[in-house]
Amino acid sequence: MERTDSTAKLVDSDHLGLLSDQPESEGFSSGYDSADTSDSESSPPHDNDDNKDVDDGMGLECDNISSDHVKYQNTSALCEHLKYILSMPELCDVTFLVGPTKVPVHGVKAILSTRSRVMYQFILKNERCMKEAKKSRKPRQSRLTIEVNKYQPEDFRKIVQFIHCGSVDVDSRSVAGLLCGARQFGLDDLKTACLDYIRRCVQTRPQSLITIQRGANQYIHHRYGIKLFTKMQHFMTSTTKKVTSTTKKVAIETAV
């Protein structure tokens with residue numbers, strides 16, 4: 001399974017011209033703001049000898065001990081802890097039953113709703129249906145359960161993971177589902193990362209395009225799935241023509 005780490009800057013203008021036919025404005029942000037580290041990175045080194053005593057063998061660093069406060073961030077640990085929650089159903093309060101086999105994917109409503117307004121509306125709609133269902137003879141469920149039929153289980157699990165903790169592994173098998181999910185749930189930075197991955201594959205790993213197209217074929221009911229499938233077909237046809245032309249040219253030169 002191919003995997004790559006995207007190093008692209010996630011900006012609104014990076015639509016690549018690959019799938020976007022016109023700028024899309026959802027009127028809201030998915031809530032993934034990068035921390036401003038310009039102060040810590042651009043601060044000049046301090047030559048004050050008193051700073052040397054701050055470490056005291058503990059591996060601590062302090063750029064400015066004269067400040068009345070120090071900003072500390074440990075986002076990597078936070079991300080791992082949020083990801084770990086998803087593996088513990090007893091800590092979650094919503095379960096998605098994904099695909100025809102109803103594979104359970106767990107999440108925390110508060111986190112999902114805060115990170116994606118579309119997901120919040122999706123959860124709220126199903127909560128209302130659940131409250132109406134309790135009036136019938138059906139036993140009341142203790143946890144909100146939502147059926148999701150238009151996604152592959154592993155792809156939707158990755159979408160939930162990204163909304164939860166802001167990180168996900170993008171590969172040729174899942175990029176189509178992630179791209180469709182990014183579009184549906186208003187995750188602009190995930191969409192940019194998926195487009196960046198596709199661009200890299202087109203430029204440096206054309207052998208992976210067939211896998212991407214197979215994935216897109218599973219989302220042919222989605223607008224982005226159709227566009228991705230068509231683009232992959234175009235790229236593969238162009239690549240085949242180039243290879244055929246090169247082969248014929250080499251054969252002619254060899255014969256001469």
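**The hairpin and its neighbours**

Guide: E1 and E2 form a hairpin with four residues between them, and Gly99 in the turn has a positive phi of about 80°. Strands here are DSSP runs of E with at least two residues, helices are runs of H or I with at least four, and both are numbered from the N terminus. The model is a predicted one: local features need pLDDT of at least 70, side-chain atom pairs count only at pLDDT 80 or more, and totals for chains, interfaces and linings use all residues. Residues are numbered from 1 along each chain as its sequence is written, and side-chain values use heavy atoms, with hydrogens and water left out.

Strand E1 covers residues 94-98 and strand E2 residues 103-107; the two pair in the antiparallel sense over five bridges. Pairing requires that DSSP finds at least two bridges between two strands. Within this pair, Val94 stands opposite Gly107, and Phe96 stands opposite Val105.

E1 also pairs with strand E3 (residues 144-148), here in the parallel sense and again over five bridges. In that pairing Leu97 stands opposite Glu147. In a regular strand the side chains alternate between the two faces of the sheet.

Four of the five residues of E1 are buried, so this strand is largely enclosed by the rest of the structure. Buried means under 20% relative accessible area, exposed means over 50%, and partly exposed lies in between (1.4 Å probe, protein chains only). Across the protein chain, buried residues make up 34% of the 256 residues.

Lys102 lies in the loop between E1 and E2 while Glu147 is in strand E3, so the pair ties together parts that are 45 residues apart in sequence. A salt bridge is a side-chain nitrogen of Lys or Arg within 4 Å of a carboxyl oxygen of Asp or Glu. Lys102 counts as partly exposed because its relative accessibility is 31%. A search of the whole structure finds seven salt bridges.

As for the setting, the protein chain has ten helices and three strands. From the N terminus on, its elements run α-α-α-β-β-α-α-β-α-α-α-α-α.
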